[in-house]
Amino acid sequence: MIVVAGEALIDLVPQGAGALAGLLPARGGGPYNTAVALGRLGSPTAFCSRISYDAFGDALVSGLREAGVDVSSVQRGGEPTTLAVATIGTGGSAAYSFYVEGTADRLFRTPDRLPDGTRAVSFGTCSLVLEPGASAYEELMRSAAAQGVFTALDPNIRAGLIPDADAYRARFKSWLPSVALLKLSEEDARWLGGSPHEWLASGPSAVVVTRGGDGLTVFTQGGAEYAVPGEPVDVVDTIGAGDTVNAALLHGLAARDALSPTAVAELGAEGWTELLRFAARAAAITCSRAGAEPPYAHELA
């Protein structure tokens with residue numbers, strides 16, 4: 001079982017140009033997309049979050065169930081669902097503004113226990129920024145790592161939600177001793193400062209950096225560095241592409257029985273190259289269609 005912990009929200013995606021273009025609601029949130037992608041790939045997956053009882057919340061839970069994701073660890077609340085208004089730029093890149101005050105996912109509470117058979121827990125995005133939920137997710141991350149559970153982090157920076165950048169950067173560094181796999185984009189890396197080698201020295205067994213259409217690179221504790229190019233694709237938008245990479249990496253590690261720091265360190269050039277190519281193919285399919293629509297296993301066979 002791979003557990004994904006973090007927010008579920010509704011993306012409002014513009015259907016035309018200009019500030020007053022019509023907005024189409026779509027299920028989203030980095031952790032939510034990761035959970036759906038894992039479910040579609042066939043990995044046993046559970047989602048750990050807090051979701052509203054409103055109509056959007058019901059749609060989010062339905063989407064998880066449709067992907068085969070276990071929702072028994074989902075908390076529910078009467079507060080509204082978080083909304084993210086997307087702006088699609090040239091090349092399909094997406095930027096967001098958020099409506100987060102008083103929403104359900106911010107009130108997440110640390111669960112007493114993880115689901116039976118949990119082998120890994122993935123964290124990231126807004127859930128590690130917005131209090132009081134951020135501290136609850138942080139507590140879950142530290143306790144999971146202390147229990148020997150494989151932990152993955154995708155910070156997926158949303159700078160507009162971070163009131164104190166320096167405080168967040170310091171908090172990010174404090175998480176690294178509890179992180180086995182760090183995945184982030186080039187843009188995230190530039191915003192955070194530091195380098196993969198510095199982050200590796202703080203704890204992670206591997207750091208994967210995504211470079212959009214230019215592909216992915218992994219840096220490992222042993223000093224190795226492996227890179228693959230991106231998969232050529234006609235990009236509709238990039239919504240959910242990074243989340244798909246995150247899911248593909250976790251799915252691939254699970255399939256190789258490599259959800260442990262030692263196994264990650266022993267993966268080697270052939271294993272990492274194969275895994276990164278798989279993640280690049282998965283992300284390319286997501287980019288080829290509108291919104292966060294990650295591929296199913298049969299599309300990658």
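Residues are called buried when their relative accessible area is under 20%, exposed when it is over 50% and partly exposed in between, with a 1.4 Å probe and protein chains only. The model is predicted, so local features need pLDDT of at least 70 and side-chain atom pairs count only at pLDDT 80 or more, while totals for chains, interfaces and linings use all residues. Residues are numbered from 1 along each chain as its sequence is written, and side-chain values use heavy atoms, leaving out hydrogens and water.

Aromatic pairs were searched for across the whole structure, and 5 were found. Rings of Phe, Tyr and Trp (its six-membered ring) pair if their centres lie within 6.5 Å; planes under 30 degrees apart count as stacked, over 60 as edge-to-face and the rest as tilted. Tyr168 and Trp175 form an edge-to-face pair, because their planes stand at 80 degrees, with ring centres 5.7 Å apart. Tyr168 is buried at 5% relative accessible area. Trp175 is buried at 0%.

Phe172 and Trp199 are also paired edge-to-face, with centres 6.0 Å apart and planes at 90 degrees. Phe172 belongs to helix α4 (residues 165-175) and Trp199 to helix α6 (residues 196-201), so this pair ties together parts 27 residues apart in sequence. Helices (H or I, at least four residues) are DSSP runs, numbered from the N terminus. Phe172 is buried at 1% relative accessibility, and Trp199 is buried at 4%.

One aromatic cluster comprises Tyr168, Trp175 and Trp191. The charged end of Arg169 sits over the Trp191 ring, 4.2 Å from its centre. This term requires NZ of Lys or CZ of Arg within 6 Å of the ring centre and within 35 degrees of the ring normal.

Note on methods: Helices (H or I, at least four residues) and strands (E, at least two) are DSSP runs, numbered from the N terminus.
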